[in-house]
Amino acid sequence: MIILAASAALLWGFHKETSEGTSLRLPSGFSAEVFADGLGEARHLVVSPQGNVFVKLGKLKDGKGIILLQDVNRDGKAEKESGFGTFEGTGIAIGNDYLYASSDEQVYRYALDGKGNVKDPDSPELIVTGLINRHQHAAKAITLDTRGHLYVNIGAYSNACQERDRTKGSPGMKPCPILDSAGGIWQFNAAKRNQSYGDGKRYVTGLRNVVGLDWNEELNQLFVTQHGRDQLFQLFPDLYDAKQSAELPSETLYAVKEGDDCGWPYIYYDHIQKKKILAPEYGGDGKKTGGEKAIDPAVGFPGHLAPNALLFYTGKMFPAKYRNGAFIAFHGSWNRAPEIQKGYFVAFVPFKNGKPAGEWEVFADNFAGKENLKSPGEAEHRPCGLAQGPDGALYVADDVKGTIYKITYTK
Amino acid sequence: MKFCMLITVIFFGALPFAALAQDTQDVKTAVERGKLIFEQNCLACHQADGSGVPHLAPPLIKGTFVGGDKEKVIGIVLHGLENVEIKGEYYANPMPSFDYLSDQEIADVLSFVRTSFSNEASEITSEEVTKARADTKTK
């Protein structure tokens with residue numbers, strides 16, 4: 001009994017200690033460590049099969065836009081940090097022995113050697129160029145399938161495709177001209193140089209802005225997380241109050257197939273009514289449904305949480321319930337004001353037979369380091385990127401201070 | 001004589017105080033009205049504490065434009081602002097035009113913002129907004 005109590009105390013102490021380095025709250029058995037820190041605007045990240053962690057930066061650090069982190073002595077923290085690439089951006093992915101990384105207009109790739117190191121860091125191949133960048137929703141998040149395709153998000157440079165963006169009283173354009181070159185996912189050949197719009201195809205349309213996307217290898221299908229539109233209350237105070245506008249529209253997880261339309265800007269998803277609702281810019285009143293040809297999301301989350309990364313967990317370190325389920329990094333809201341802000345956590349969506357099974361839950365919480373945030377500037381950290389290590393550990397990138405967390409599980 | 005002096009002090013001495021009280025009351029009303037306009041039109045992006053949204057909407061705290069030239073700041077509210085560097089940062093979301101607000105409403109909201117969030121700039125009158133609006137129309 002005494003031994004049991006002592007070992008329990010020891011375990012508790014250990015658990016407490018390992019989580020103390022971070023402010024994170026995790027389910028029992030999980031612990032988080034700071035793998036690296038001070039990278040600045042760490043957006044997405046990826047881990048090579050050898051364990052090399054590549055982080056894409058939204059702002060250059062010492063003139064470099066990609067950081068390689070290596071845990072040489074395998075103590076769970078990176079001892080070696082080096083940089084390469086002179087462009088800023090969000091997207092990063094590994095496939096077929098190449099590292100892919102994006103700026104807000106281009107996608108490059110670097111050949112990797114057998115140790116997971118970049119062969120020639122100074123001369124990447126330019127794979128895609130000339131993608132539209134009008135500052136709003138400019139991040140070109142990327143992923144790869146297993147058949148040689150590269151998927152690139154081209155976010156809509158607009159909130160709701162009004163004639164005058166975000167302007168009260170300005171009507172929605174019909175058809176929305178933005179959808180020709182943005183507001184969807186484009187598919188390119190992952191191995192061909194210098195492609196632009198003419199070489200790729202619009203794979204999915206009607207997506208306002210996708211920052212999280214992942215290829216589900218179990219289903220051979222692309223999944224994306226969309227940032228729903230902003231400012232229902234500010235633009236339509238007669239139809240929505242501040243509380244409804246904080247909760248709506250849903251942030252959405254979609255399972256998509258080629259040719260799908262997710263409905264932006266004409267409709268939005270309402271997870272409370274469980275319906276596709278006609279956007280007020282197009283004659284909606286918060287109740288009228290629309291978008292008969294648009295697909296339904298797999299999951300609708302509360303509004304404005306900002307799903308910035310999606311990762312299907314295929315590792316073996318975490319308990320069985322996590323296998324093939326989806327982790328989503330919610331960057332955290334701003335458009336819930338004057339209500340309390342929400343998000344700033346990593347959520348988990350359990351999957352069974354390729355479909356969400358059961359309610360989603362908060363997995364890793366308190367990146368912000370405080371409760372009841374009034375504005376996003378108060379957050380100490382904001383989760384933006386997710387990656388799985390070869391050992392099954394989960395890495396999370398924060399783009400406020402550039403902290404890289406490594407989350408592990410011990411039975 | 002003493003009584004006379006007292007009267008004089010009360011009479012003349014009180015005048016500037018009365019004027020000041022009147023002034024303060026006006027400003028307070030304008031700022032109070034401006035706060036409501038701010039909450040309805042500006043708070044979503046610039047936040048209740050004026051801190052803005054990192055990378056998306058600039059802070060108004062000790063704002064470069066906010067506390068600066070009156071004509072310029074009125075112009076920003078009337079016509080919006082997009083893709084402009086502010087203290088070394090670019091902000092992704094465009095600020096829309098708020099030209100549907102009345103001259104008085106724009107004056108009030110700017111008076112609120114220019115005296116809040118650590119800003120110590122002068123208030124703006126509806127006449128100044130009227131003039132700025134007319135000037136841009138003739139341009």
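Q: What is the mean pLDDT of chain A, and how many of its residues reach 70 or more?
A: Chain A has a mean pLDDT of 94, and 95% of its residues reach 70 or more. pLDDT is the predictor's confidence in each residue, from 0 to 100. This is a predicted model, in which local features need pLDDT of at least 70 and side-chain atom pairs count only at pLDDT 80 or more, while totals for chains, interfaces and linings use all residues. Residues are numbered from 1 along each chain as its sequence is written, and chains are lettered from A and ligands numbered from 1 in the order in which they are written.

Q: Where does pLDDT stay under 50 in chain A?
A: Over residues 1–20, a stretch for which the model has seven contacts beyond four places in sequence. Two residues are in contact if their C-beta atoms, placed from the backbone, lie within 7 Å.

Q: What about chain B: what is its mean pLDDT?
A: The mean is 83, with 78% of the residues of chain B at 70 or more. Residues 1–25 of chain B have a pLDDT below 50, and beyond near neighbours in sequence this stretch has zero contacts in the model. The model as a whole scores ipTM 0.87 and pTM 0.90.

Q: Why is A:Asn324 called partly exposed?
A: The cut-offs settle that one: a residue is buried if 20 or more other C-beta atoms lie within 10 Å of its own, exposed if 12 or fewer, and partly exposed in between, with C-beta atoms placed from the backbone. A:Asn324 has 18 such neighbours, so it counts as partly exposed. A:Asn324 sits in the loop between strand E20 (307–312) and strand E21 (326–330) of chain A. Leaving out residues up to four places away in sequence, A:Asn324 touches A:Glu218, A:Phe312, A:Tyr313, A:Thr314 and A:Phe351.

Q: What makes strand E4 (residues 64–70) of chain A mostly covered?
A: Five of its seven residues are buried. Strand E2 (residues 42–47) of chain A is mostly covered too, with six of six residues buried.

Q: How do you know which strands E4(A) pairs with?
A: Two strands pair if DSSP finds at least two bridges between them. Five bridges join E4(A) to strand E3 (residues 53–61) of chain A, running antiparallel, and five join E4(A) to strand E5 (residues 80–84) of chain A, again antiparallel. A:Leu68 stands opposite A:Ser82 in E5(A). The hairpin of E3(A) and E4(A) has two residues between the strands, and A:Asp62 takes a positive phi near 50° there.

Q: Why are the buried residues of helix H3 (residues 70–79) of chain B put on one side or on several?
A: The buried ones are B:Val73, B:Ile74 and B:Val77. They cover an arc of only 100° around the axis, which puts them on the same side of H3(B). The arc is that of the directions from the helix axis to the C-beta atoms. After H3(B) comes B:Gly80, with a positive phi near 80°.

Q: How many residues of chain A are in contact with chain B, and what are they by class?
A: 20 residues of chain A are in contact with 21 residues of chain B. The side of chain A that touches chain B has six nonpolar, nine polar and five charged residues. Here Ala, Val, Leu, Ile, Met, Phe, Trp, Tyr, Cys and Pro count as nonpolar, Asp, Glu, Lys and Arg as charged, and the others, Gly among them, as polar.

Technical notes
Helices (H or I, at least four residues) and strands (E, at least two) are DSSP runs, numbered from the N terminus.
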